Amino acid sequence: MQHLDHDRLVFLALGESEVDDGESTHLDTCAHCRTEMATLQRVAGLGTETRGLADLPDPPEHVWQGIAAQVRAAESRAVRPEAQRQVPAQADGTTTEPTTGTTADPAVVRLGSARRSRRGGGWSRWAATAATAAAAAAVGVVGTVAVLQPDDPAPAPTQAVVASAPLAAYGSTPPDAQGDARVLQNHQLHLHVANLPRVPGYYEVWLINPTTMKMLSVGTLGGGPDALLPLPPNVDLKSYSVVDVSAEQYDNKPAHSGDSLLRGTLTG
């Protein structure tokens, strides 16, 4: 399956563009792109939430330097050949060379403005060629906030719960493995898991129709005990009522591995 371009997902997450019909259909069926989109939206949202935190220190200098390098690279690709034409000779036969040592780097000037804007409570809009760099800036700010706060697990969801399921060990999974799944009113699935056995690959979350045994991939679990995953918009949870957590290999096979670790049935 051909995934959506990462830069395009950044534009969509930042609200710089609208999702067209083809992209909407792809996001409905592709758990990978849907998860990446949700992650980018969460980062952008966290960046927006920090606007009122005027006392936070700037991100480390290397973050700004990295962003400046990306902007300079984007701008250098957009320079037109005529912009590099020679300077015409003066009346006395001499030429005036462009000044190189005193002109401020436009990318650095722009970054300086971004820093001042952040301290004042707002964020400047960057050029389209720097959309990915803007996402990196948001990550830098979030990283600064994380240093100032305890490394707590993901907070419990505040949305109303419309369905839930206890997750129990399945098959040969050790019996102390457990968890719970909750469908939130905003059409997201919150999972909390504990004591999952170590696997050489990764954990994937599925919805299963117990009548037909058809499966829908919802997304993957990270390294923590909690995950918040967007559900496909048109999924019928009365039919796809079983929540399954499986162990998957990095084998480029999108189908379920057959190695289920936890399962539970949604009610509510």
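The following questions and answers examine a predicted model of one protein chain. In this predicted model, local features need pLDDT of at least 70, side-chain atom pairs count only at pLDDT 80 or more, and totals for chains, interfaces and linings use all residues. Residues are numbered from 1 along each chain as its sequence is written, and side-chain values use heavy atoms, with hydrogens and water left out.

Q: How many helices and strands are there in the protein chain?
A: Helices (H or I, at least four residues) and strands (E, at least two) are DSSP runs, numbered from the N terminus. Along the sequence, the elements of the protein chain follow the pattern α-α-α-α-α-α-β-β-β-β-β-β-β-β. The count is six helices and eight strands.

Q: What percentage of the residues of the protein chain count as buried?
A: A residue is buried under 20% relative accessible area, exposed over 50% and partly exposed in between (1.4 Å probe, protein chains only). Among the 268 residues of the protein chain, the buried share is 33%.

Q: Which residues of helix 1 are buried, and within what arc do they fall?
A: Helix 1 covers residues 6-13, and its buried residues are Leu9, Val10, Leu12 and Ala13. The arc is that of the directions from the helix axis to the C-beta atoms. Seen down the axis, these buried residues line one face of helix 1, because they fall within an arc of 165 degrees.

Q: Which residues of helix 2 are buried, and which are exposed on the other side?
A: In helix 2 (residues 21-29), the buried residues are Glu23, His26 and Leu27. Viewed down the axis of helix 2, they fall within an arc of 100 degrees, so they line one face. On the other side of helix 2, the exposed residues are Asp21 and Thr29.

Q: Why does histidine 26 count as buried?
A: Histidine 26 is located in helix 2. Its C-alpha atom is separated by 8.1 Å from that of leucine 4, 22 residues apart along the chain. Histidine 26 counts as buried because its relative accessibility is 12%.

Q: Which element supplies the largest share of the lining of the second largest pocket?
A: On a 1 Å grid over the protein atoms alone, a pocket is an open set of points where a 1.4 Å probe fits, with protein on both sides within 12 Å along at least five of seven lines, and lining residues have an atom within 4 Å of a point. Of its 20 lining residues, the closest to its centre are His3, His32, Tyr202, Glu204 and Pro254. The largest share of the lining, four residues, comes from helix 3.

Q: With which side chains does the side chain of serine 260 make polar contacts?
A: Serine 260 lies in strand 8 (residues 260-265), and it counts as buried because its relative accessibility is 6%. A polar contact is a pair of N or O atoms within 3.5 Å; within protein, one must be able to donate a hydrogen and the other to accept it, and residues adjacent in sequence count only if both atoms are side-chain atoms. At 3.4 Å in each case, the partners of the serine 260 side chain include the side chains of histidine 256 and arginine 263.
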